[in-house]
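Welcome! Take a look at the structure first, then read on.

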Amino acid sequence: MSEAVLAISHDDPVLETDFAKEMVRQMRAIDTYGTYDNWPLEKILEPFVLTKEKKREIPVVGDPDEIVMARVRAFYNAISALIEKECGLMAVPMLNLTHEGFGRALITVGKLVVMDKTLRDVHRFGFPSLSKMKDEGDKLLSVALEIVGLYPKVAGL
């Protein structure tokens, strides 16, 4: 597959959403060498899209490398940033992964755990499309904000 063919179109409406913009911000934040500075948004988010063909190329069993783990962190950091933006309280993501790619992702607001996700096969982390990634992010964001709404005193601690 040549690099010129991207799974994300430059005119994909998802690229205009707050979630996609935050994902790009998070990816640029971890880019210490400025590689992404002149890249288009779709190229920066491309690694998050795992088409069936790309997924077939990745072994079923494998250890995640630092690049994949950074992408996982960026995804949960973006959700945390959006939680903060919506409720005005600091959201803190925490990732605990084994070298084999198993573990948990937590997001806390104050003393309240607003997201707890079990992670498996992190070396194959990705989504079938950009809109599926946005849907997953929106779902996690919605549940987290609902939990903050139910327990605002705990979230404010």
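You are looking at a predicted model, where local features need pLDDT of at least 70, side-chain atom pairs count only at pLDDT 80 or more, and totals for chains, interfaces and linings use all residues. Residues are numbered from 1 along each chain as its sequence is written, and side-chain values use heavy atoms, with hydrogens and water left out.

**Overall build**
- The protein has six helices and three strands, which are DSSP runs (helices H or I, at least four residues; strands E, at least two) numbered from the N terminus.
- Its C-alpha atoms fill a box of roughly 50 × 35 × 30 Å along the principal axes.
- Of the 157 residues, 40% are buried, meaning under 20% relative accessible area, while exposed means over 50% and partly exposed lies in between (1.4 Å probe, protein chains only).

**A closer look at helix H5**
- Helix H5 spans residues 130–150, and its 21 residues reach 30 Å from first C-alpha to last.
- The buried residues of H5 are Leu130, Met133, Lys134, Glu136, Gly137, Leu140, Leu141, Ala144 and Val148.
- Exposed residues Glu146, Gly149 and Leu150 sit on the face of H5 turned away from its buried side.
- Among the partners that the buried residues of H5 pack against are helix H1 (18–29), helix H4 (66–87) and strand S2 (103–109).

Definitions and conventions
The expected span of a helix is 1.5 Å times one less than its number of residues. Contact means heavy atoms within 4.5 Å.
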